[in-house]
Amino acid sequence: MLLAAITTVFLAAEKQWMMLDWKPKRPDMLIDPFGIGKIVQDGLVFRQNFSIRSYEIGADQTASIETVMNHLQETALNHVGSAGLLVDGFGSTPEMCKKNLIWVVTRMQVVVDRYPTWGNVVQVDTWVSASGKNCMRRDWLVRDSKTGEVLTRASSIWVMMNKVTRRLSKMPEEVRGEIEPYFMNSEPVIAEDSRKLVKLNGSSAEFVRKGLTPRWSDLDVNQHVNNVKYIGWILESAPLPILETHELSSMTLEYRRECGRDSVLQSLTAVSENGTDEIECQHLLRLEDGSEVMRGRTQWRPKNAKISGNVGQIPADTA
Amino acid sequence: MLKFSYCNATDLNQALVQCRFAGSFGPLSSRRRSPRAAVSFSRSNLTPIQAVLSCQQQVGSDPVESELGSLADRLRLGGLTEDGLSYKEKFIIRCYEVGINKTATIETIANLLQEVGGNHAQSVGFSRDGFATSPTMRKLHLIWVTARMHIEVYKYPAWSDVIEIETWCQNEGRIGTRRDWILKDVATGEVIGRATSKWVMMNEDTRRLQKVSDDVKEEYLVFCPREPRLAFPEENNKSLKKISKLEDPVQYSRLGLMPRRADLDMNQHVNNVTYIGWVLESMPEEIIDTHELQTITLDYRRECQRDDVVDSLTGPELVEGSKIHGTNGSATAITREDDLDCHQFLHLLRLSSDGQEINRGRTEWRKKPT
């Protein structure tokens with residue numbers, strides 16, 4: 001049932017890649033004057049710097065979670081392109097193309113230790129690994145370029161789908177042969193949050209926001225809503241007192257369905273406190289007819305809380 | 001969104017003195033410690049390859065910078081021009097800034113104009129809090145408010161294109177200031193767009209417009225070219241055109257628009273650029289599918305708060321002597337008899353609750369290039 005749900009995919013990833021008329025590499029792109037990014041670490045890790053622009057700062061005076069996610073999306077696309085994994089602008093390798101296979105993202109986990117502020121420069125590293133026998137995992141590590149402090153870690157799971165039949169596919173051996181050389185096969189950058197994401201409904205959700213509609217600027221070239229916008233919608237029904245006093249420290253998302261220009265969505269949120277300063281919320285984004293677009297879980301810590309633990313100080317010159 | 005930006009210093013030393021209010025992280029101060037960085041990016045005649053090579057020599061392959069702000073400067077790729085009277089910055093278009101046309105959206109363009117304006121203000125030492133106020137303005141509780149924004153785009157950049165935006169400002173009347181921009185495609189050098197905006201000073205406590213004394217003006221005008229320099233020098237250009245108020249009944253509308261969290265800027269106001277998106281929400285889909293926005297002019301009347309609900313209204317602009325051309329039952333006004341590919345519209349954003357006008361606008365559309 002779960003697989004069937006996933007098969008009605010939201011081709012967010014594919015759509016992003018479809019808009020690429022990939023240009024041949026220019027010599028100046030090998031260096032990184034404009035923050036295009038470059039391959040490091042024997043060709044397995046892609047690194048790109050971003051200067052935080054003023055309009056990426058939200059009401060909290062820091063870069064918004066959408067800004068963070070946008071940077072992740074940009075580096076993923078640039079990695080695929082520059083590493084030669086992108087053959088035809090579809091994100092598919094030659095063997096995948098032959099078999100009509102495309103990648104779709106099913107799951108995303110993000111942990112933010114500190115949000116950057118206006119004028120900060122962040123360094124985003126991204127790489128891919130195998131995930132089980134048939135999936136691929138893409139990880140990101142975001143650091144402050146100046147200090148090396150880890151700001152964000154993120155991990156996503158991708159499966160292959162036949163774009164004609166819309167059915168999920170095992171990874172064919174020919175494809176494995178093509179992409180295995182690009183796998184880092186490192187430990188996941190985030191320990192997987194394997195707790196099931198609950199499905200909310202009208203009675204279990206304390207906060208509901210209805211009538212959410214995509215604007216023109218939410219749409220990609222195929223008139224589907226960009227993945228990152230879903231996160232903004234999830235937060236639309238988060239209760240204001242939490243948004244004002246807490247900041248998003250982590251989230252786990254399951255993508256279920258894509259939506260387009262005429263979709264009308266509802267965002268549902270349920271809050272559970274666990275006795276500490278931290279708050280946890282469950283989320284559901286769905287269409288008016290009840291079909292699920294995305295499930296999520298978010299964790300919030302009080303603003304200006306100090307981050308303890310030893311995740312912070314990886315030097316910037318090691319991946 | 002009440003950001004504003006100032007002009008360049010005719011006297012750089014004077015600017016540095018005023019930098020003390022901006023703190024030691026001002027790009028101007030770090031540039032003094034790394035003159036090579038300043039030279040490579042304030043010279044506008046370096047080809048991209050030369051700029052890249054000089055950058056590479058400094059950076060090597062190690063991204064960790066010990067100099068405060070210098071990596072940010074390099075990535076920002078912006079700086080005052082040699083005469084100090086304007087500011088130039090390069091931007092690369094990112095994938096998520098591109099819309100349904102495979103090109104940068106008008107919101108992306110407007111965001112970049114705002115960004116370069118803010119960086120300009122920073123570079124001459126004005127405040128980083130989003131208000132870009134001079135020290136005296138802060139003492140007098142004065143802030144800048146946008147009155148009008150006019151953008152023309154001749155060619156939209158695509159993903160990974162690099163554009164260069166030059167900006168400067170000038171005095172306009174007793175209480176106003178104008179900021180102009182020119183956008184160029186770095187690869188070809190061609191001008192791909194122009195923009196101009198008018199700003200007025202408002203007292204942030206009384207929320208009333210305020211005239212200011214000459215010495216308050218001088219404090220920021222010292223960074224502006226004294227010789228008039230206009231992004232739109234031609235007579236009767238569209239940036240000066242009066243916008244009529246759209247009256248009921250209107251042809252197209254999208255009601256009940258609400259600010260999202262992402263629409264709020266660092267000062268909790270609805271960002272100026274959000275209004276552009278709202279104006280376009282009531283555009284008829286048949287135009288959006290076949291045409292691209294060539295010109296947009298917005299007059300800002302009232303600011304919007306987080307809990308406001310807004311209606312977006314659109315109707316064809318009827319020009320004297322124009323023909324009404326009916327297609328599928330809807331009427332659009334054509335500017336010239338021989339030009340069936342251009343369309344003009346009037347827009348109104350108003351509060352759903354009481355109909356108070358938030359802003360009014362005017363757009364021109366041209367057929368998408370094939």
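## Basis

Local features in this predicted model need pLDDT of at least 70, side-chain atom pairs count only at pLDDT 80 or more, and totals for chains, interfaces and linings use all residues. Residues are numbered from 1 along each chain as its sequence is written, chains are lettered from A in the order in which they are written, and side-chain values use heavy atoms, without hydrogens and water.

## Chain A

Chain A has seven helices and 12 strands (DSSP runs numbered from the N terminus: helices are H or I of at least four residues, strands E of at least two). Of its 319 residues, 63% are buried (under 20% relative accessible area with a 1.4 Å probe, protein chains only; exposed is over 50%, partly exposed in between). The accessible surface of chain A is about 12500 Å², with 52% of it on carbon and sulfur atoms (Shrake-Rupley method, 1.4 Å probe). Among contacts between residues at least 6 apart in sequence, 72% join residues at least 24 apart (contact means heavy atoms within 4.5 Å).

Helix 6 of chain A, residues 227-236, has nine of its 10 residues buried; among them are Trp233(A) and Glu236(A). At the start of this helix, a side-chain oxygen of Asn226(A) comes within 2.8 Å of the backbone nitrogen of Val228(A). In strand 2 (residues 45-51) of chain A lies Asn49(A), which is buried with a relative accessible area of 12%. Its side chain makes a polar contact of 3.3 Å with that of Ser145(A) (N or O atoms within 3.5 Å; within protein, one must be able to donate a hydrogen and the other to accept it, and residues adjacent in sequence count only if both atoms are side-chain atoms).

## Domains of chain B

Chain B is divided into domain 1 (71-231) and domain 2 (246-318 + 340-369), with bounds from an automatic or database domain assignment. Their contact takes 22 residues from domain 1 of chain B and 22 residues from domain 2 of chain B. The C-alpha centres of the two domains are 22 Å apart. Together the domains bury about 1900 Å², 47% of it on carbon and sulfur atoms (accessible area lost on being put together, 1.4 Å probe, summed over both parts).

Two salt bridges are counted between domain 1 and domain 2 of chain B (a side-chain nitrogen of Lys or Arg within 4 Å of a carboxyl oxygen of Asp or Glu). Asp299(B) and Arg148(B) form a salt bridge of 2.7 Å, N to O. On the side of domain 1 of chain B that touches domain 2, strand 3 of chain B gives the most, with eight residues.

## Salt bridges between chains

The whole structure holds 41 salt bridges over all chains. Glu97(B) and Arg53(A) form one at 3.0 Å, N to O, and this pair crosses between chains. Both Glu97(B) and Arg53(A) are buried. Glu56(A) and Arg94(B) are bridged at 3.2 Å, N to O; these two residues lie in loops of chain A and chain B, so the pair joins two chains. Glu56(A) and Arg94(B) are also buried.

Asp218(A) and Arg260(B) form a salt bridge of 2.9 Å, N to O, and this pair too crosses between chains. Arg260(B) is buried, with a relative accessible area of 16%. Residues that Arg260(B) touches include Trp233(A) and Glu236(A), both buried residues of helix 6 of chain A.

Conventions
Buried area is the accessible area (1.4 Å probe) that two parts lose on being put together, summed over both. Lists of a residue's contacts leave out its neighbours within four places in sequence.
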